[in-house]
Amino acid sequence: SLVVLVLLAAASFLLIHLVPGDPVRQMLGSGATPENIAAVRAQLGLDDPLFDQFRAFMGDTFTLQFGDSITLRTPITDLIGERIGPSLLLIVYGVFLALLIGVPLAVAAALKPQGLADNIIRIATTFTFAMPTFWLGLVLALIFGLRLGIFPVSGYETGVAGFFRTLTLPALTLGLSLVAMV
């Protein structure tokens, strides 16, 4: 697992370097002088050899020193901290929905093996399991968000009502993809 993580980190690092554009020019804007650009590149270590940059990247990753966001100019750890709560709630809510939907379906299917209900449930759960999650999410957002207007398709609201209102569609997407395993 560690080897896979290091290879994924290396692939991510190299992909970032293949993207056209210069993050320093983006940070400083179009009025930046070549001296300012060179100074910031040196400060960020972007003028170091690629292997040294990767070694620093891996060291910072393992010590959870992610630096600052270039566009928001805030520490990345603060941004992660702001978003980890809703993400964990989404995971718990999605697993809860998977259990809430999957257990009754499993019981119904088990009551008459090879019966009509068992076959329909098996086909439906195989379909949702095989469907890419991003596609299932788009279909649910289109139906329940845009067509019926029941749930919002973006944003995050606080409070219990806001939690259920904004996280139901993503949790349902996650839950339906897990129902087949339940």
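Residues are numbered from 1 along each chain as its sequence is written, and side-chain values use heavy atoms, without hydrogens or water. Because the model is predicted, local features need pLDDT of at least 70 and side-chain atom pairs count only at pLDDT 80 or more, whereas totals for chains, interfaces and linings use all residues.

Helices are DSSP runs (H or I, at least four residues), numbered from the N terminus. The axes of helix α5 (residues 76–111) and helix α8 (residues 159–179) come within 7 Å and cross at roughly 55 degrees; axes are lines fitted to C-alpha atoms over the stretch in contact, and angles run from 0 to 180 degrees between N-to-C directions. The two helices, α5 and α8, are therefore oblique to each other, a class that holds the angles left when those under 35 degrees (roughly parallel), over 145 (roughly antiparallel) and 65 to 115 (roughly perpendicular) are set aside. Residues of α5, including Pro86, Leu97 and Leu105, meet residues of α8, among them Phe163, Leu172 and Val179, where contact means heavy atoms within 4.5 Å. By class, the contact of α5 with α8 has 20 nonpolar, four polar and no charged residues; Ala, Val, Leu, Ile, Met, Phe, Trp, Tyr, Cys and Pro count as nonpolar, Asp, Glu, Lys and Arg as charged, and the others, Gly among them, as polar.

For α1 and α4, the axes come within 11 Å and cross at roughly 125 degrees. Helices α1 and α4 are therefore oblique to each other. Val6, Ala9, Ala10, Phe13, Leu14 and His17 in α1 meet Leu50, Gln53, Phe54, Phe57 and Met58 in α4. This contact of α1 with α4 comprises nine nonpolar, two polar and no charged residues.

A pocket is an open set of points on a 1 Å grid over the protein atoms alone, where a 1.4 Å probe fits, with protein on both sides within 12 Å along at least five of seven lines; lining residues have an atom within 4 Å of a point. Of its 27 lining residues, Ile16, Pro23, Leu44, Leu46 and Ile70 are the closest to its centre. Helix α4 gives the largest share of this lining, five residues. The lining of the largest pocket has 13 nonpolar, nine polar and five charged residues.

The second largest pocket has a volume of about 160 Å³. Its largest share of lining, five residues, comes from α8. The lining of the second largest pocket has six nonpolar, five polar and no charged residues.

Conventions:
Grid points are joined across faces, edges and corners, and a volume is the space filled by probe spheres set on the points.
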